[in-house]
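Look at the model below, then read on.

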Amino acid sequence: MKTTEQQETLSGASLAPPWRHRHILDLDDFSRQEIELVFKTTDAMKEILSREIKRVPTLRGKTIITLFYEPSTRTRVSFELAAKNLGADVASLIASASSVVKGESLIDTVSALQALGADIIVMRHPQSGAPYLVAQHLGVSVINAGDGWHAHPTQALLDLYTIQQRIGRVEGLKVVIIGDIMHSRVARSNIWGLTLMGAEVVLCGPPTLLPIGLDSEAALPRVLIETNLDHAIREADVVMPLRLQLERQKRGLIPSIREYAELYQLNGRRLKMAKPSALVLHPGPMNEGVEIAPDVAHGAQSVIEQQVTNGVAVRMALLYILARGGK
Amino acid sequence: MKTTEQQETLSGASLAPPWRHRHILDLDDFSRQEIELVFKTTDAMKEILSREIKRVPTLRGKTIITLFYEPSTRTRVSFELAAKNLGADVASLIASASSVVKGESLIDTVSALQALGADIIVMRHPQSGAPYLVAQHLGVSVINAGDGWHAHPTQALLDLYTIQQRIGRVEGLKVVIIGDIMHSRVARSNIWGLTLMGAEVVLCGPPTLLPIGLDSEAALPRVLIETNLDHAIREADVVMPLRLQLERQKRGLIPSIREYAELYQLNGRRLKMAKPSALVLHPGPMNEGVEIAPDVAHGAQSVIEQQVTNGVAVRMALLYILARGGK
Amino acid sequence: MKTTEQQETLSGASLAPPWRHRHILDLDDFSRQEIELVFKTTDAMKEILSREIKRVPTLRGKTIITLFYEPSTRTRVSFELAAKNLGADVASLIASASSVVKGESLIDTVSALQALGADIIVMRHPQSGAPYLVAQHLGVSVINAGDGWHAHPTQALLDLYTIQQRIGRVEGLKVVIIGDIMHSRVARSNIWGLTLMGAEVVLCGPPTLLPIGLDSEAALPRVLIETNLDHAIREADVVMPLRLQLERQKRGLIPSIREYAELYQLNGRRLKMAKPSALVLHPGPMNEGVEIAPDVAHGAQSVIEQQVTNGVAVRMALLYILARGGK
């Protein structure tokens, strides 16, 4: 164990003035300095992950509880491993519809987890706003790991970090998000984060899957809407197709998977219309052959695996910042 | 790490003569001295939980396996965190009806867990007596985390500890348990523990949900039965409404949820009839608005959160005592 | 902590020339020296498990992810405890049919786990060959914890180790495997391992459950087929009844459970026809009263519990060998 050295490494990311949050609910109330602090702390975490023994005892004795009301693979495991890498204890609750205790309110459930000793609750919930409700009523720190169609801030932060890491900046980039924008918490959080950091965001998808009235919103001056992907993608620095929930077809929002793929799949031909250095991101899991062609998903411009790897480091950074609470 | 100091702290709770159990099955074979030993050890555990790093390596290298044949949130997590706080390894098996291996006996399942290296099995089972069966046939220590309608001794111990902590004694108190006594393992274990420690217990509920013949039992001289809550609650020191299983209505045991709430809900008006200092306990999860009014559940007399917090410390104490096995 | 001493103990099992594998997929490409190296390393692990604190920090900072597409109790817990005993972090994914993300390929799922930081993936999958597919395409080490009817190499290794430990050798022994050979990955891996180590294997079961054409295969000169158990078991050194999947009856492969038991159950009468010192092994979970009589399952010749206990040590050995990767 190289505890002293590790502490020194981490002390590089000092939690000085900028940080104000006790929760991570969405990026709409983040400042650029706060996001830059997350980036800087993530750099320190990546250094830890590059070691032979990728583990520090920084959060020893802290308890992180993950509370997932929707199934998840990579987000839940990403948080679990992030917590373990920092020496925290983790308990996981998967509250699928069948096992949730009937009659108990969300507040009472989380209140019990807090009373059990949780320092941070990582929660995913199908209802937009659920983590806000918890954060308002209880003292425990809450990280939103996805709430309904609303927000998924840690995904947006890892996307931003990956762009920053690969291109060296976010400012001034053209980022195209493709697909089912309306139902996407990933898109929504990315819009906040990308525009805050100075990127131009182009949302592209079938009209039925685009957010209504977003283009007229004064608050989002850097966001454009374009239904034609061949137009949208031109000179893009970053292209981010979203997972298409295949059940959208049944609900009549798209005519057919085949037609959706024809018009909106990110394939090799379309990617050539972006800048030659353009990055391909995807929040995962992918429907290969639907929103993304296999050769693009696994091609030279894809940074999809780096997103996943960076996700652990970003979540370590967030757990670290929250657990230390400005100290 | 302050290992030496921690060991000293724990050595305060010496496992001298009184302790006889290799299992925690129910409180009916506990002595007062044994319960007092649990209290004293719990005090030491609470001191650990109050530290900045709430973790000691006392049970390092010990393996605790939780085996739950019924869904549970707080009890399972409570045991898991208790074990981790003491440095033990935990593995969790949730054996819902669908995933239980067909054809294998309970004995063979637990026997395999023992052969895998379990030092203590924490088990919940829908059949009364299941943990006894395991304890009889196998060498591993068993903690009953709830068996059918029969017993839930760790819940009763945390209830007793919470009363002792808040009022300073259990002896001579009037404790009213309200609701579905007949189907409640929490009530049953509490009756044993409370009467052993010298409390007077009043059971109050609709006649269809009261245990048959209990009032005539010579073995329980300190237990009274009263179907009128307004009478039962007078001058109570502790009031404990039980969770009403809402499906009882379908089985015809209560006329309706509304009528049940009218007659047996612990609300503000009724609580005023107890002593002004009376404590409100609830084993959780609550049906707020059914057996307990929201303002009482979250009011000044409620110690429901403290119960949950004390539960972790009580379970740490029990794991510690069993794992050290009288050494 | 006795770190130095522990390292010394482990250094006894040096990973010198013989070892060639980056994955554990099946035993068909193992050499005798490799299996002997597993045995030797397992001996070292059993020494660790015999200590008061049965835990070493050898794999600290390593991440093991278990990915089970079929339900399992003992195999999954066995790997989890093995990993924890060596100080590794473990994350568990149980991907039952309902929770698997639709549309994502197995390669993409495992690729994400690798990107999350997994050093070793322990996977069980209903399709034969699935772990090979993963091993071919990704860089992470894969341990096959059972794939379809194909292979279950860690079960076979623990069976071999248990025989070696109890009898002192595998060479020259007569091992009878009884039951549903055709659908048994346990049988298949054991056939490879046993014949490699010089045992003679007799496969015994109803003709509908025997592998077609196996007896004519030149590659397996030490394997015999015999449908009459009373003949097969004579002078056996080891008898291994397999779990009968009770649904085989519905598919018409056996006339009835009762008739199967009459012809193929390992009972006391039949066991007497084997050598007096013969060992009884069973991969678990057992259908007592079907493929094995209760008195045999729990009798003096049964080593079924030792199999489970040895399984943890064998899996510790395999994790250790793979994680150290020939260093």
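D89(B) forms a salt bridge with R55(C), and their closest N and O atoms are 2.9 Å apart. A salt bridge here is a side-chain nitrogen of Lys or Arg within 4 Å of a carboxyl oxygen of Asp or Glu. This is a predicted model, in which local features need pLDDT of at least 70 and side-chain atom pairs count only at pLDDT 80 or more, while totals for chains, interfaces and linings use all residues. Residues are numbered from 1 along each chain as its sequence is written, chains are lettered from A and ligands numbered from 1 in the order in which they are written, and side-chain values use heavy atoms, with hydrogens and water left out.

By class, the side of chain C that touches chain B has 8 nonpolar, 6 polar and 10 charged residues. In this count Ala, Val, Leu, Ile, Met, Phe, Trp, Tyr, Cys and Pro are nonpolar, Asp, Glu, Lys and Arg are charged, and the others, Gly among them, are polar.

The contact takes 24 residues from chain C and 23 residues from chain B, contact meaning heavy atoms within 4.5 Å. Between chain C and chain B an area of about 2,200 Å² is buried, and carbon and sulfur atoms give 52% of it. K54(C), R55(C) and L81(C) supply 23% of the area that chain C buries against chain B, more than any other three residues. Buried area is the accessible area (1.4 Å probe) that two parts lose on being put together, summed over both.

Now turn to chain A and chain B. This contact takes 23 residues from chain A and 24 residues from chain B. About 2,200 Å² is buried between chain A and chain B, with 52% of it on carbon and sulfur atoms. The rule finds 3 salt bridges across the interface of chain A and chain B. K62(A) and E52(B) meet through their side chains in a salt bridge of 3.7 Å, N to O. On the side of chain A that touches chain B, β1 (63-68), β2 (89-94) and α4 (106-115) of chain A each supply at least two residues. The residues of this side of chain A comprise 8 nonpolar, 7 polar and 8 charged.

Over all chains, the structure holds 36 salt bridges. In one of them the side chains of E52(A) and K62(C) meet at 3.8 Å, N to O. E52(A) lies in the loop between α2 (32-49) and β1 of chain A, and K62(C) in the loop between α2 (32-49) and β1 (63-68) of chain C, so the pair joins two chains.

Next comes the space inside. Rolling a probe the size of a water molecule over the atoms shows where empty space is left. How many cavities of 30 Å³ or more does the rule count? The count comes to 1. On a 1 Å grid over the protein atoms alone, a cavity is a set of points where a 1.4 Å probe fits but cannot get out, and lining residues have an atom within 4 Å of a point. Grid points are joined across faces, edges and corners, and a volume is the space filled by probe spheres set on the points. The largest cavity holds about 120 Å³ of space. Its lining has 14 residues, and R74(A), Q155(A), L158(A), P283(A) and V308(A) lie nearest its centre. α12(A) gives the largest share of the lining, 5 residues.

The backbone is the last topic. Most residues other than glycine have a negative phi, and most peptide bonds are trans. G284(B) and P285(B) are joined by a cis peptide bond, with omega about -10 degrees, and P285(B) lies in the loop between β9 (279-280) and α11 (294-297) of chain B. E235(B) is not a glycine, but has a positive phi of about 60 degrees.

Technical notes
Helices (H or I, at least four residues) and strands (E, at least two) are DSSP runs, numbered from the N terminus. On a 1 Å grid over the protein atoms alone, a cavity is a set of points where a 1.4 Å probe fits but cannot get out, and a pocket is an open set with protein on both sides within 12 Å along at least five of seven lines; lining residues have an atom within 4 Å of a point.
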